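Hello,

Here is the structure I promised to pass on. Please have a look, and then read my notes below.

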Amino acid sequence: MTTTTVPQSTPKQDSIFWRRFRRSTPGKVGAVIVLAFVLLAVFASVLKPYDPRNEPNRYTLRLKPPSITALWNEEAKQTYTDPVSGKVNVLAAPFGTDNLGRDLLTRVLHGTRISLKVGVVSTLLALVLGSLLGVLAGYFGGWLDSVLGYVTDVMLAFPGILLAIGFASIFSADNPPLLIAGLDRLFALNSPQLVTAMIAVSLVQIPVYLRLARGVVLSVREREFVAAAGALGASQGRMVFRHVLPNSLSPLIVQGALSIATATIEVAALGFLGIGAQPPLPEWGTMISDSRQYYLDAPWTMIFPGLAIFLTVLGFNLLGDGLRDVLDPRSTQ
């Protein structure tokens, strides 16, 4: 009589990445903050439908404090009391209104979509171009490495925001080049100036990725598996894109998460200076710029867009720190 042994199923083990990430407190906090802003950006039109170009006249509600203050402020209570029912609507304008009577919560919410879109796209453009140039410079060396090294040194010698201002000031907003007009339609930003600012921020970040990718490739190209691939007859393109580049991605991914935070600040700074997004687009930097002359009488017009920038930058910085702990092969977590 023969007996059959039923193989027992072993529980699926989590990958090293997820085990390390669950132990990284900064990474988890950053991921929650980033996920919250992403969800707000995706569902902004559902939560608060808004068209900045066709907004009704609400001058009677200009520079009104947050509606929650109606619980203790008599003037705010009169403002947010429904004349028909006589009830106080404490959720009418939780963030207050701006100088044109627009609801700040709605504008900050829709500004999330603009800021995240511009920050992510500008970082991706810089990541792709800078990494490709860095890989080619590090792997082939020679005159290409020297030329790119000189250009990188010159660009890194200037403050990033100064270079961004210079690049953003080159193109005219009235007659944008075909590339800027095409990107404007592709990403549905409805602002050639904002696209120009996005490209300017991307160009400023390219030297960072170029130098980082070059340094990683210089260490990877001497590894045994790269030499083995060359000995087996692999072409230069296959060795670069199948062996060198995939093993150089970890630091680039970490830098990408951190660069989104930097791009968000720089785009907001360009908007504040009047070079980036233009009114009535609800971009956070432009909103802070519009509230400069009211910051004493109506500080909420500057506080809430500033908090949105702060939390977004904090989330991506924490997420980048968490990814660095997880992807670092020397990590002990």
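Helices here are DSSP runs of at least four residues, numbered from the N terminus. On that numbering, Leu63 sits in the loop between helix H3 (44-47) and helix H4 (74-79). Leu63 is not a glycine, yet its phi is positive, near 55°.

Keep in mind that this is a predicted model. Mean pLDDT for the protein chain is 81. A score of at least 70 is reached by 83% of the residues. Among the elements, helix H2 (residues 25-42) has the highest mean, 92. Helix H11 (residues 236-244) has the lowest, 65.

One stretch needs care. Over residues 6-13, pLDDT stays under 50. The model gives those residues zero contacts beyond four places in sequence. Where pLDDT is low, the predicted coordinates should not be read in detail.

Pro280 belongs to the loop between helix H12 (249-272) and helix H13 (284-290).

Now the surface. Leu35, Val38, Leu39, Leu40, Val42, Phe43, Val46 and Leu47 make a nonpolar patch of about 720 Å². H2 and H3 are the elements that give two or more residues to this patch. H2 supplies the largest share, five residues. Phe43 lies in the loop between H2 and H3.

Best wishes

Terms used. Residues are numbered from 1 along each chain as its sequence is written. This is a predicted model: local features need pLDDT of at least 70, side-chain atom pairs count only at pLDDT 80 or more; totals for chains, interfaces and linings use all residues. Side-chain values use heavy atoms; hydrogens and water are left out. pLDDT is the predictor's confidence in each residue, from 0 to 100. Contact means heavy atoms within 4.5 Å. Patches are made of residues with over 30% relative accessible area and no salt bridge: like charges are joined within 9 Å, nonpolar side chains (Val, Leu, Ile, Met, Phe, Trp, Tyr) within 5 Å. Accessible areas come from the Shrake-Rupley method with a 1.4 Å probe; for residues, only the protein chains shown count as cover. A salt bridge is a side-chain nitrogen of Lys or Arg within 4 Å of a carboxyl oxygen of Asp or Glu.
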